[in-house]
Structure formats: structure tokens, C-alpha cells
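Hi,

Here is the structure I promised to pass on. Have a look at it first, and then read on for what turned up.

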Amino acid sequence: MIEWFDSNLVSILNGFAIGSLLFILAVGLSIVFGMMDVLNLAHGALFLVGAYLAWSLLSDGATWGGFLAALGIAALVGLLAGGVLSVMTEPLARRPILDQALLTLGVSLVVAEVLSIVYGNDALSVGAPPGLAESVSFLGRSYPAYRLALIGVGLVLAVVVYVVVERTSVGALVRASVADREMVSAMGIDNRKVKVAVLGIGSMLATVAGVLGAPVYGARPGLDDTILILALVVVVIGGLGSVKGAFVGAMVIGQVESLGRAVLPDLASFILFGTLALVLVLRPRGLFGPRKLAGT
Amino acid sequence: MTAPLLSLSGVSRHFGALKAVDDVTLDVPTGARHALIGPNGAGKSTLFKLVTGSMPVSAGTVSLAGTDVTGLPEHARARLGISQTLQHSSLFTTQTVEQNVLLAAQRRHGSRASLVPRRQAAARERVDGLLADVGLEHRRGSPVADLSHGERRQLEVAVALACEPRLLLLDEPAAGMSPAESARLVELVRALSETVTVVIVEHDLDVVFALARSVTVLHLGRVLLTGTPEQVRASDAVQEAYLGTGRESLFTDTAGPAALGVS
Amino acid sequence: MESIVADTAATGGRRGGGRRPSSLLRAVPAVVVLVLLVAAPFVLAPFATTVLGRILVFALFAVSLDLLVGVTGLPSLGHAAYFGVGAYTAGIVAIEVTSEGLVLVLVAGLAGAVAAAATGWLAVRSSGVFFLMLTLAVGEIVYQLTTTLDSVTGGSNGLYGIPAVRVGGTALTLAGYVYWFVLAVFVLGFTALWLVSRSPVGGALRGIRDNEPRMRSLGYSPFRYKYVAFVIAGAVAGVAGGLFAVQVRLVTPTEAGFTTGALALLAVILGGAGSLWGPVLGAAVVVLVRDALGPTLEGHGPLVLGIVFVLAVYLLPRGFAGLAGISAAVQRRRAASRRTP
């Protein structure tokens with residue numbers, strides 16, 4: 001057992017790193033979704049924007065200045081994009097949910113194509129900031145320092161988001177609105193402002209995740225779809241609008257993606273679907289989903 | 001007498017600490033015209049949902065003609081002959097009046113499982129008859145979206161009857177109807193065969209006393225009284241329940257069936 | 001007074017019960033279109049004929065999706081999975097066993113149905129946004145399978161070397177013959193879906209789309225109906241995939257991918273969900289933009305499609321069918337005023 005653990009340590013750590021990244025992505029998607037019933041299919045494209053942004057600022061040599069600048073710009077771009085998306089979906093609020101999803105899908109097609117026009121179709125790699133670019137020894141194995149840092153960032157962010165949602169008045173609003181949309185407007189809060197804020201923050205998390213993920217995944221066309229699907233699976237497994245669910249789901253899918261691929265390379269996709277199917281058979285609303293029926 | 005058509009025994013529904021329906025025991029015999037009345041929030045609509053199965057009971061059993069149906073899902077109970085109109089209009093809004101009724105009628109009279117088009121002559125004939133009964137025959141091709149509120153209520157009744165129910169649950173069928181429309185509704189329900197058992201929730205006590213031969217008064221989720229319309233009108237406890245919620249006018253305004261103007 | 005009633009009925013865009021004399025008249029456009037489609041290879045250049053064939057393949061796929069999205073109200077984002085399964089199955093059977101056209105189409109349809117039956121029960125249990133996400137996830141997993149199972153699917157290079165389709169033992173090598181084969185299967189597939197949508201089950205599916213709780217209280221089990229619709233749609237998508245393999249003779253993972261499903265949704269939305277014929281027009285637009293316009297944009301056709309997508313959602317809430325609905329309403333209004341004395 002210990003031997004097995006030892007030989008797969010790198011895969012397990014990779015799983016946590018992927019899980020951290022997925023959590024950052026999925027928690028935004030999940031809250032936008034749980035609170036606003038907007039399935040933001042542009043989430044993956046926003047991640048890709050962050051990744052290309054990181055490449056633009058770091059391709060001449062990875063510096064902390066460049067990395068932090070990339071994070072800052074990505075956060076700003078994400079907030080703006082969320083605001084734009086919120087304005088764009090507003091006229092569709094009374095139409096079937098599919099229309100909003102399709103709108104974001106159209107946006108993501110356009111964004112992804114524009115990125116491929118600007119940056120070309122090659123896979124671009126991005127270096128980690130200095131000090132984190134090397135490998136360090138961890139439990140007797142050599143492991144990239146950046147990925148360890150990524151796991152740390154994911155954990156810190158998870159705690160922060162959890163505390164905000166569970167312990168603050170803003171969080172109470174989030175939870176109330178996941179449980180019962182009507183209640184928020186009944187409390188006299190402008191639903192549209194909440195939507196702008198929620199989509200803004202959700203999108204910001206996506207672009208920031210893109211920057212954070214760039215040293216691991218790089219930036220390439222098609223990455224947006226791959227990432228979006230993984231994040232969606234995380235949200236479905238964890239349950240809509242649940243921070244805890246997003247965290248647990250992200251860690252599970254992170255391991256499926258990393259350890260699963262390492263141990264059973266041919267069956268990885270089956271394991272992914274199998275996990276999804278198993279969770280939904282046992283818990284149709286996801287592990288930590290609200291008791292209300294999903295959707296309408 | 002054989003087993004009552006609808007039999008509720010200790011039926012309860014709790015929402016956390018709130019007991020919306022609390023230990024209701026009630027027998028409705030075959031062919032009854034039974035009304036459920038009570039102040040707002042008395043649990044009437046919730047009780048209906050427990051009967052149809054759209055909401056599970058917290059405790060108790062629901063039996064239909066002697067068979068325990070508590071564990072059956074809503075659609076299975078509907079197939080045993082429970083049909084309803086809902087308090088809030090619940091129709092297929094993008095479809096025509098005729099298609100709405102046909103959806104209900106094809107379950108009994110047509111071939112609902114057919115994957116190729118059928119003429120469904122029997123079902124269509126039944127639809128035409130029902131639309132004539134509720135007075136919507138001139139609207140058969142109209143989409144529901146174009147109907148007035150009163151017409152939608154009439155359509156609800158036609159859809160409910162198209163299921164050929166043994167037990168017909170009417171949840172405030174006359175709400176929003178004009179006096180002429182509710183008179184027509186009363187006539188229609190009165191004309192139903194005795195094989196159909198009718199339970200009605202209604203705020204318009206003119207309609208209640210014009211139709212019901214027995215009445216159950218619910219208050220705060222509990223049965224306050226079951227009896228004939230006369231007994232209910234005479235009951236002090238009932239008066240008090242209504243007075244307590246400021247609804248005394250419901251009773252003092254009503255002079256009795258003689259003044260109904262149902263023609 | 002009576003004519004006002006009829007007017008409002010007509011503008012609703014849905015027709016009532018059978019009005020016998022006009023139902024024959026309504027078949028006229030369909031017959032004209034069919035004749036034109038049959039005659040196309042005599043008039044068009046081989047390349048144009050091939051493009052028309054591609055449109056038909058994609059149209060059949062889009063129409064099968066319309067049964068879910070438009071008729072049943074189940075917005076699937078992963079429908080391409082069943083198209084891809086059908087395409088790969090037909091391709092593999094053609095290479096390994098036989099390239100007899102009828103066999104290919106049937107096994108492709110069967111494979112699509114089996115795949116839809118295996119995954120659909122999970123998806124159909126959910127509703128709303130949850131359904132969107134689940135179908136998307138299932139679709140993507142099938143896509144990943146097509147890239148990872150190299151030994152069966154040829155991986156990201158695709159499945160190539162698919163032999164020419166045979167009908168009655170004769171290989172169809174001319175573009176025109178392949179086109180006619182595609183057209184025949186398209187007509188059969190479309191007719192099957194049209195019949196289903198007009199059947200009592202089709203009526204029940206529309207009822208579920210409009211008001212699922214009410215259907216339950218009428219004694220219908222929505223799950224069963226939705227599941228049947230899902231499997232039928234999967235079967236027809238599989239058939240369309242089989243046609244794709246026959247026509248293009250190369251199957252790549254893209255066929256099972258998210259973009260293919262998204263483009264089919266675009267075709268449905270563009271054409272008008274629920275009308276069945278609308279998505280055929282929508283598919284024509286999508287294929288023309290992608291295949292004809294795409295090369296002139298240096299492969300950035302998706303950019304145009306993305307923009308079309310956004311515009312369609314805003315400007316054509318009921319698609320081309322919605323536009324046609326307006327003119328049809330005007331016609332019916334005239335007819336109605338003629339009927340009333």
C-alpha cells in the first residue's frame with residue numbers, strides 16, 4: 001500500500017494541483033449557476049483569455065512583476081467580461097434557460113476564435129515565476145514547486161470563499177438566493193445588481209484561474225473546452241451553488257484526471273463518466289446540492 | 001356500503017416546525033359532493049397535493065377505493081382515477097384548447113403510446129363533447145395564450161374531466177370566473193354522473209353550498225368539523241375560526257342556497 | 001366576431017385539429033422541395049452536389065436534435081456524441097465487415113440508440129440547467145473516448161480508408177449516386193421524426209415541454225416519454241452519423257465533439273425549434289457558412305458562426321419558422337375570413 005502510494009505520489013500531487021485549479025474555476029461557475037440560473041459556457045473561454053494573458057506578459061522571461069501584473073489585469077478583464085455578460089444576458093432573463101446558455105456559447109466561440117487569430121494555433125508554454133520554477137524535494141520525490149504553490153493557493157482560496165459564503169452577510173445573501181430566488185427580490189435587493197456582481201466575480205475567478213494554470217497547462221486552442229467540461233463535471237458532482245461541493249468535486253475530479261490517467265490510462269474517460277454517473281445515481285442533485293429541484 | 005372512495009387516515013404534512021396538514025382523517029364516499037373550506041392557510045391546497053401525490057405525506061395513509069395509494073407516485077394515482085384542477089392555472093400554454101383536452105382524453109380514449117399519427121376518433125369526439133359542456137366549443141382552435149382568465153378555468157375543468165376520473169378534485173375552480181361562468185360550472189358539476197366523486201375547495205361559498213352535500217372545515221391544518229352544509233353554517237366553532245382570521249363576512253353575507261341565483 | 005377569434009388563433013402559429021382540405025395543399029411545398037432535391041445532381045456541379053449532401057446529413061442530425069430541444073424541451077448540448085458513435089460504427093463496419101449501405105445505416109442507427117439508451121436514463125432524470133450540463137459532460141466524455149481509443153478509432157488522426165458505400169453489391173463511386181443514397185435515407189429519417197412528432201406520443205412530448213407537472217397529474221410518466229424521445233433522437237443522430245461516414249469516408253473525433261453539437265443547436269435555433277423543417281434550413285446555413293465561407297476566412301468560420309449564434313438568440317427567438325409563422329398566419333387569416341359568412 002505504502003509502496004503504491006509512494007510510486008504514485010507525483011500523480012496524487014498533480015491531482016491536488018489540478019483539483020485546486022478546478023476549484024477556482026468551478027466555484028465561480030457554480031455560484032453564478034446556483035444563484036442566477038445562468039449556465040455560463042464562456043467560462044472556459046475566459047480561462048483561456050487568462051492563460052494567453054499570462055503568456056503575453058511572461059513569454060520574455062517569467063518575472064514576479066509580470067506574473068502579478070498578469071493576475072491583476074486578468075482580474076480586471078474578468079470583472080469587465082462578467083459585467084458585459086450580465087448585460088448581454090439580461091434581455092434573455094425571461095426566455096428559456098437554453099437561450100442564455102446559447103448566448104454564452106456564441107460568445108465563447110467568438111472569443112476562442114479571436115484568440116486563435118491573435119495567438120495562432122500552436123500550443124504555447126508559460127514559465128513559472130522565479131523561485132517556483134524549480135523542482136523541490138517533497139516526501140522524497142522531486143516535484144515542481146509551482147504546483148505545490150498552486151495547491152496552497154487553492155486551499156487558501158477555498159477557506160476564504162467558504163468563510164465569506166458561510167459567515168458573512170454577503171454570503172447569507174448568496175445562500176438565500178441559491179435556495180430561493182424569489183426571496184432575494186422580496187428582501188428588496190435589486191436582482192440585476194446582484195447578477196452583475198456575481199457574474200463579475202465568477203468571471204474574474206475564471207480569468208485568474210487561467211493565469212494560475214498557465215505554467216501548468218500553457219495556452220492552446222481547445223483548452224477552453226477541456227477545462228469547461230471538467231469544471232462542469234465538478235459542479236454537477238458537487239451540487240449547484242455549493243462551495244463545499246465545488247471543493248470536494250474538484251478534488252475528486254483532480255484525482256480522476258491525474259491518478260486515474262496514470263493508473264488506468266485507457267479507462268480515464270470511463271472513470272470520469274463513471275464517477276459522474278455514480279454520484280448522480282446516488283444523489284441526483286449532486287453531493288451537496290440544495291434540496292430544491294435543479295432547474296425548472 | 002362498500003369502502004369509501006377516498007379515505008384519509010392520520011394524514012399529516014410538516015414543513016419543519018409548521019404543520020400545514022395535521023392528522024387529518026376523512027372518508028369521502030363514492031358519489032359524494034364534498035367541499036373543503038377554511039380560512040386561508042388552513043391547509044386545503046396542501047391536502048389536495050397529498051391526495052394527488054404531488055407532495056409526499058409526512059405521516060398517515062391515503063386510500064382510494066380501499067387500496068392504499070400512499071406509496072404511489074402522482075402519475076400512477078392519476079391512472080387509478082384521481083383528476084384535478086389546480087388553484088393556479090396549469091395548462092399547456094403553447095397549444096390549442098383542443099390539444100389541451102386531447103392530451104388528457106387520449107390517455108383513456110386513444111392510443112397515447114402510439115409513435116405514428118392516429119385519428120383518435122373516439123378521443124376527439126369526447127373532446128368535442130367536453131368543450132361543448134364547458135362552453136368552449138367556439139374556441140377549440142385557439143391557443144391557450146389567447147384565452148381569458150375565466151375561459152382558462154373552464155378549460156381546466158374540461159381537461160380534468162377528460163381523464164374520466166373517479167375522484168375529481170377541484171381547487172378553487174370558480175376563482176376569477178364571472179357569475180355566469182360559475183353558474184355554468186355549478187351546472188356542469190351537478191350534471192356529472194354519480195360514479196364521479198367530487199371534492200371541491202372553494203372560497204365562493206355560493207358555489208360551495210350550491211354543490212356540496214357534505215362539508216369539511218379545515219383550520220390550521222386540522223379538521224374542525226365535518227357535516228352537512230346546515231350543520232356547518234350553524235356551528236359556533238366554524239364561525240369562530242373565520243372570525244379569528246377576519247373573514248366573518250363570508251358567513252354573514254350568505255343567506256343560503258335560496259339566494260344563489262343559480263339558474 | 002367569429003373572424004376575430006379565428007385571427008387570434010392563427011397568429012399563435014400553431015394549428016388546430018385536422019382541416020382536411022388544406023392538409024393536401026400543405027403537402028405541396030414539401031413535394032416541390034423533394035422533386036428539386038432529387039433533380040439537383042442533374043443541374044449542380046459534383047462539388048455542389050456533395051455540399052448539398054453534407055447539408056442533408058447535417059440537417060438530419062439537426063432535426064433529430066429538434067425532437068429533443070424543440071418538441072420535448074430537452075436542450076441537449078451533447079447530442080453530437082450519438083452522431084459520432086453512429087459515424088464511427090458505420091466507418092468500422094464498412095472497413096471490417098461490409099460497406100452495404102443499408103447495413104451501415106442500420107448499425108449506425110442501432111449504435112446511436114444503444115449509446116443514447118445507456119447514457120440517456122441518467123440525463124433524462126434531471127431537468128433544466130442540470131440537463132444541459134449533464135449532456136455536455138456525457139458528450140465530451142464520448143469525444144475523449146474517440147481520441148484515446150486509438151486502436152479502434154484511429155485516435156486524433158481519425159478513421160480513414162472507409163470504402164465506397166455499396167447498394168445491392170454495387171459500389172457507388174459517383175457523387176450523384178452517393179447523394180441520392182443520402183437523400184433517400186434523409187427522407188426516411190425526416191419522415192420518421194415527423195410521424196413521431198405528429199403522433200399521440202409527440203403530443204405528450206409537447207405537453208411535457210409545456211408543463212411537466214400537469215402531465216404527471218394527467219397520469220403520464222414524463223420520464224418514460226422523455227427517455228423514449230432521447231433514444232429515438234439518438235438513433236436518428238446515429239443514422240445521420242452513418243450517412244456522414246458514407247459521404248465523407250473519413251471520421252474524426254471532431255464529429256463527436258462539442259462544436260458539432262453546438263452547431264446543430266445553432267441550426268435548430270436558427271431554423272426555429274420544434275418545427276422540424278426549420279432546422280433543415282438552419283443546417284443549410286450552418287454548413288454553407290462553415291464549408292463554403294470558412295476557407296475564405298482562413299479557417300475562422302467559427303468566428304462567423306459565433307456571431308450568427310449571438311445574433312440569432314437576440315433577433316430570431318423563433319427562428320426561420322417563426323418568420324414563416326407570420327406569413328402562414330396571414331394566409332390562414334384570409335382563409336378564415338373566407339370561411340365565415
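Which helix gives the most to the lining of the second largest pocket? That is H5(A), with six residues. Before going further, bear in mind that this is a predicted model.

Let me stay with that pocket for a moment. The volume of the second largest pocket comes out at about 1,300 Å³. There are 45 residues lining it, and those closest to its centre are A:Gly222, A:Asp225, C:Tyr143, C:Thr254 and C:Thr259. Several helices supply at least two lining residues each: from chain A they are H5 (97-119), H10 (223-238) and H11 (243-263), and from chain C they are H3 (46-72), H6 (129-148), H11 (222-248), H12 (258-271) and H14 (301-315). By class, the lining splits into 17 nonpolar, 17 polar and eleven charged residues.

Next, the interface of chain C and chain A. Here 39 residues of chain C are in contact with 47 residues of chain A. About 3,900 Å² is buried between these two chains, with 81% of it on carbon and sulfur atoms. The search for salt bridges across this interface came back with zero, and two residue pairs are in polar contact, both at pLDDT 80 or more. On the chain C side, H5 (101-124), H6, H12 and H14 are the elements that give two or more residues. H6(C) gives the most, with 13 residues. This side of chain C has 28 nonpolar, nine polar and two charged residues.

Then there is chain B against chain C. How many residues of chain B are in contact with chain C? The count is 42, and they meet 37 residues of chain C. The buried area is about 3,000 Å², and carbon and sulfur atoms give 54% of that. In chain B, the residues that lose the most area to chain C are B:His75, B:Phe92 and B:Leu115, together 19% of what that side buries. The rule finds zero salt bridges here, but 15 residue pairs are in polar contact, again both at pLDDT 80 or more.

As for what chain B puts into this contact, helices H2 (74-79), H3 (97-109) and H5 (149-162) and strand E6 (82-85) each supply at least two residues. H3(B) has the largest share, six residues. The side of chain B that touches chain C is made up of 15 nonpolar, 15 polar and twelve charged residues.

Cheers

How values were computed. Residues are numbered from 1 along each chain as its sequence is written. Chains are lettered from A and ligands numbered from 1 in the order in which they are written. This is a predicted model: local features need pLDDT of at least 70, side-chain atom pairs count only at pLDDT 80 or more; totals for chains, interfaces and linings use all residues. Side-chain values use heavy atoms; hydrogens and water are left out. Contact means heavy atoms within 4.5 Å. Buried area is the accessible area (1.4 Å probe) that two parts lose on being put together, summed over both. A salt bridge is a side-chain nitrogen of Lys or Arg within 4 Å of a carboxyl oxygen of Asp or Glu. A polar contact is a pair of N or O atoms within 3.5 Å; within protein, one must be able to donate a hydrogen and the other to accept it, and residues adjacent in sequence count only if both atoms are side-chain atoms. Helices (H or I, at least four residues) and strands (E, at least two) are DSSP runs, numbered from the N terminus. Ala, Val, Leu, Ile, Met, Phe, Trp, Tyr, Cys and Pro count as nonpolar, Asp, Glu, Lys and Arg as charged, and the others, Gly among them, as polar. On a 1 Å grid over the protein atoms alone, a cavity is a set of points where a 1.4 Å probe fits but cannot get out, and a pocket is an open set with protein on both sides within 12 Å along at least five of seven lines; lining residues have an atom within 4 Å of a point. Grid points are joined across faces, edges and corners, and a volume is the space filled by probe spheres set on the points.
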